[in-house]
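Please keep the sequence and the 3D view at hand while reading.

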Amino acid sequence: MSAPKVQLLLTGNELMTGDIVDSNSAMMAQVLKDIGLEVNRKVTVADDLVLLVNEITYMASTSDILIINGGLGPTVDDLTAQALALAIEDELSQHPQALTHLTNWCQQRGAELNGPNLKQAILPKSCQIIANKNGSAVGFYVRYNHCDIYCTPGVPHELETMLIEQIVPAISADLPSDLITDVTRLQIFGLGESSLQKIINEQLPQWPTAIDLGFRAGMPLLEVKLTTNTKKGLALKPIWHNKLADVLGDHLISEIQDKPKSLAEHLLHQLQQHNLKVTTAESCTGGLIASKLTEISGSSMNFEAGYVTYSNKMKTAMLDVPAKLFDQYGAVSEQVVVAMAKGSLIKSTADLTIAVSGVAGPNGGTEEKPVGTVWLAWGSIDNIKTQCLLLPYKRVKFQEFVAAIGLDLLRRYQQNITSIPNYITERAFTDQ
């Protein structure tokens with residue numbers, strides 16, 4: 001039996017004018033793809049009752065699953081409930097479950113349950129409620145003409161929670177028993193989409209059509225998906241998974257088991273396994289590396305201290321960097337970043353460190369050290385490694401990339417990986 005046909009209908013004047021970028025449909029498509037379903041049609045319309053009724057009527061007749069996103073709010077331009085009722089020839093009425101949700105939602109916030117809010121409880125009479133634990137607008141479901149229709153809020157985090165916790169389990173329960181869905185997700189660092197695709201084309205040219213290879217660009221990690229919906233693909237998958245892992249080499253961070261982990265989480269996990277402590281000495285990143293580590297619960301067991309020494313004076317005062325090094329080599333130099341690294345280890349008594357000093361821009365660059373130049377030093381007190389990179393990105397992105405590279409270099413060091421990627425010529429991160 002073939003997989004159900006899935007269509008998406010998005011509504012909102014803001015989507016049509018470009019005031020809001022449509023990220024919801026991409027998220028829905030990815031979540032559905034994880035259970036073996038592909039969206040074969042997507043339509044975006046303005047807040048127009050006639051357009052909505054026409055699209056709902058047509059899409060319900062040409063799909064097995066229709067997800068309508070947006071238009072559930074309290075204002076006059078929120079038309080989804082009215083349009084759906086007209087399309088399926090149903091009455092609108094006040095839904096007791098939706099009213100209870102609204103009443104509780106307002107009481108918890110000390111807000112008045114007024115007329116506009118009550119509009120969110122006026123729904124097609126035959127619908128079933130989909131709870132929304134993050135917002136005032138409940139979702140709702142109807143089955144019409146052999147099509148399952150799910151109406152969802154436009155607020156992204158409300159939609160995602162509703163989709164993952166309620167809609168996807170409901171859809172999965174009704175999928176054909178012979179429909180195989182097997183997804184493997186891998187985290188990659190130091191390769192972008194085009195570079196990785198080129199490597200696969202050259203080294204794995206016979207990639208089987210039974211295994212769908214997909215990429216999800218992210219910053220800083222790239223996600224690669226291996227998806228199959230057939231028994232043939234399921235049998236081939238372990239073989240090609242191993243071949244891909246060999247090609248990826250030490251760019252492969254991990255296989256995602258539940259939710260993706262950050263580079264900082266992977267590093268802290270390694271440190272926990274070996275009972276090691278880490279410190280940071282940062283100039284151009286302004287404490288960003290330390291922030292990424294300490295935002296993780298339990299990091300206090302392995303994070304010793306973070307030094308943000310932005311000025312030369314503070315590099316000397318806090319990390320004992322000899323003042324003469326600034327005159328001889330400049331703040332952005334191998335000599336200074338090594339001294340920062342050693343100083344942080346001595347001051348903190350940590351086992352490992354990452355130190356960075358660079359020109360974040362847009363000003364401050366020279367012909368010798370243009371904007372985007374950064375020196376990194378990492379390792380232990382008796383084994384400090386160094387690397388100089390030129391990262392041609394604007395200030396904030398530059399800082400993000402330096403932090404990510406620093407964490408990756410320390411990950412490699414801890415795993416005894418001696419090779420260092422050429423993060424730029426390999427088009428690291430997302431090929432942006």
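The points below go from the whole chain to its charged pairs.

1. Basis of the note. This is a predicted model, in which local features need pLDDT of at least 70 and side-chain atom pairs count only at pLDDT 80 or more, while totals for chains, interfaces and linings use all residues. Residues are numbered from 1 along each chain as its sequence is written, and side-chain values use heavy atoms, with hydrogens and water left out.

2. Overall build. The chain contains 15 helices and 17 strands; these are DSSP runs numbered from the N terminus, helices being H or I of at least four residues and strands E of at least two. The C-alpha trace spans about 80 × 55 × 45 Å along its principal axes.

3. Of the 432 residues in the chain, 50% are buried, where buried means under 20% relative accessible area, exposed over 50%, and partly exposed in between (1.4 Å probe, protein chains only). Contacts are heavy atoms within 4.5 Å; among those between residues at least 6 apart in sequence, 69% join residues at least 24 apart.

4. Charge. There are 34 positive and 45 negative side chains, and the centres of the two sets lie 6 Å apart. Lys and Arg count as positive and Asp and Glu as negative, with His and the chain ends not counted; each charge is placed at NZ of Lys, CZ of Arg, CG of Asp or CD of Glu.

5. The whole structure holds 14 salt bridges, each a side-chain nitrogen of Lys or Arg within 4 Å of a carboxyl oxygen of Asp or Glu. One of them joins R185 and E223 at 3.0 Å, N to O. Because R185 belongs to strand β9 (residues 182-188) and E223 to strand β11 (residues 222-228), the pair ties together parts that are 38 residues apart in sequence. R185 is buried at 15% relative accessible area, and E223 is also buried, at 6%.

6. A pair within helix α8. E202 lies in helix α8 (residues 193-203) and forms a salt bridge with K198 (2.8 Å, N to O). The two are 4 residues apart in this helix, so about one helical turn separates them. E202 counts as exposed because its relative accessibility is 53%.

7. D408 and R412 both lie in helix α15 (residues 395-414), 4 residues apart. Their salt bridge has its closest N and O atoms 3.1 Å apart, and both residues are buried. Salt bridges with shared partners join D250, D408, R411 and R412 into one network.
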